Amino acid sequence: MEGKQLKKLMVGMALTATLATAVTPGFGSIGGNQGKAYAATVTYKVTASKLNVRSGAGTTYGIIGSVAKGQTLSVMSKSGSWYKINYNGRTGYVSSDYVQASGTTTPPAESTTYTVTASTLNVRSGAGTSYASIGSVTKGQKLSVVSKSGSWYKINYNGRTGYVSSDYVQASGTTTPPAESTTYTVTASTLNVRSGAGTSYASIGSVTKGQKLSVVSKSGSWYKINYNGRTGYVSSDYVQASATTSPKLVVDSFKTLGNAQQVILVTADNYDTKSAKIQTFEKADGKWKQVLTANGVLGQKGFALSKKEGDMESPTGKYTIGTAFGRYANPGTKLPYRKITANDVWVDDSKSSLYNTWQQKPANGRWTSAENMDIPAYDYGFVINYNESRTPGKGSAIFFHVGTNYTAGCTATSKEQVVSILKWLNPEKNPVIIQSPVSELDKY
């Protein structure tokens, strides 16, 4: 049994397995260790009185029997969230969610440190954005990763199980990555490239003086490099790092940013596409740094050459950031925040004196058309200060909000990214949003 019935039957059932060929429990395919063996004896504790044994690694496979309290299993390996076992002389699989490993284990040899790279990252109750958020972690925070499911990491979070997107978690292990955009040059007349980080490893080739190297990371006094399509190692004593400049960012060439220290850049390949790339940049100590990259969407008809009310196009240009909003409590933004109510609307009636403003129902003759604000797309977002002069017919209700298909003229991305950007935005840094086809970025 799996699921809710199984959880109700949780008991302390002990299983002992001598793992002569088992993979590291709880790490799945993280860090490339799936299938690696170790010889430690591990005690497994099943948390159910009865656990189904299936013919394959998943609940869609048939049940071939069950294991009960006190039974000893021979665990062969781990596949995703399932243990492969010997069951009455045949191969079976049991869910690892209800098998707890204890005793002496050998951790994987590399990629053991997992660090959050997003400013704020939701921790969810399951492996997907459809699952509820049970908390969050912040940039630079170290995580205890249990396993990987698709593009999600299963982690230990405040004593309970949580999941984070692997797109914003970096596995680093004990290696130190080289600084970006650094050129590494060989200084010895001939330098051996070895199969491992030490002179005891076999030579797989050599490089010569002045040759440029593609360095992946550093381990002790050895550089890990890409060598003719395979991994090699060279002694750092004979490799010199030069060129300390960082790669030039697109915002470095902008001339119209003024005192803005935060920039949201929304770009598309051309005017007619609804797909967009969203990047955020922040300036610190006089230097721009990129913070986030995400996929987004524009109006159904792409960018507008000249925005008009109802044209289903998103305006191009550079705009300041207005009020943040949402149907729930402030998620942690420093922007002025307004919680949406059932009566909130945004007036899109060009003939109304309240055109392009946030109002509340009833209309009482003040407008004939207005957009309802209490909708899922506006779970969270912020106002893009477009058409602040409220010129009739030029367009209204231009927001940055939640969405993954297309909009009626706004810019949208996933809820997780919207919240992350809201938490990052700081009105003291005069943030702006720039929206443009890639070919016209030189305007800014």
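Modeller: A residue is called buried when its relative accessible area is under 20%, exposed when it is over 50%, and partly exposed in between, with a 1.4 Å probe and protein chains only. The model is predicted, so local features need pLDDT of at least 70 and side-chain atom pairs count only at pLDDT 80 or more, while totals for chains, interfaces and linings use all residues. Residues are numbered from 1 along each chain as its sequence is written, and side-chain values use heavy atoms, with hydrogens and water left out. Helices (H or I, at least four residues) and strands (E, at least two) are DSSP runs numbered from the N terminus.

I begin with the rings. A pair of aromatic rings is described by the distance of the centres and the angle of the planes. Here the rings of Phe, Tyr and Trp (for Trp, the six-membered ring) pair if their centres lie within 6.5 Å, and planes under 30 degrees apart count as stacked, over 60 as edge-to-face and the rest as tilted. That rule gives eleven aromatic pairs. One of them joins Phe-325 and Tyr-378, whose ring centres are 5.7 Å apart and whose planes stand at 80 degrees, so this pair is edge-to-face. Because Phe-325 belongs to strand β30 (residues 317-326) and Tyr-378 to the loop between β34 (370-372) and β35 (380-384), the pair ties together parts that are 53 residues apart in sequence. Both partners are within the buried class, Phe-325 with a relative accessible area of 0% and Tyr-378 with 3%.

Phe-325 also forms an edge-to-face pair with Phe-399, at 5.2 Å centre to centre and 70 degrees between the planes. Since Phe-399 is in strand β36 (residues 399-402) and Phe-325 in β30, this pair ties together parts that are 74 residues apart in sequence. Phe-399 is buried as well, at 0% relative accessibility. Taken with Trp-346 and Trp-358, the residues Phe-325, Tyr-378 and Phe-399 form one aromatic cluster. A charge is taken to sit over a ring if NZ of Lys or CZ of Arg is within 6 Å of the ring centre and within 35 degrees of the ring normal. Arg-338 lies over the face of Trp-358 in this way, at 4.0 Å from the ring centre.

I turn next to the charged pairs. Side chains of opposite charge can pair when their charged atoms come close. A salt bridge is scored where a side-chain nitrogen of Lys or Arg is within 4 Å of a carboxyl oxygen of Asp or Glu, and the count by this rule is seven. In one of them the side chains of Asp-379 and Lys-415 meet at 2.9 Å, N to O. Asp-379 is buried at a relative accessible area of 6%, whereas Lys-415 is partly exposed at 33%.

A further salt bridge joins the side chains of Lys-429 and Glu-282, at 2.2 Å, N to O. Lys-429 is in the loop between α2 (415-424) and β38 (432-437), and Glu-282 is in strand β26 (residues 275-284), so the pair ties together parts that are 147 residues apart in sequence. Lys-429 counts as partly exposed at 23% relative accessibility, and Glu-282 as buried at 16%.

Glu-440 and Lys-443 likewise meet through their side chains in a salt bridge of 2.9 Å, N to O. In that pair Glu-440 is buried, with a relative accessible area of 18%, and Lys-443 is exposed, with 54%. Salt bridges that share partners also join Arg-327, Asp-374, Asp-379 and Lys-415 into one network.
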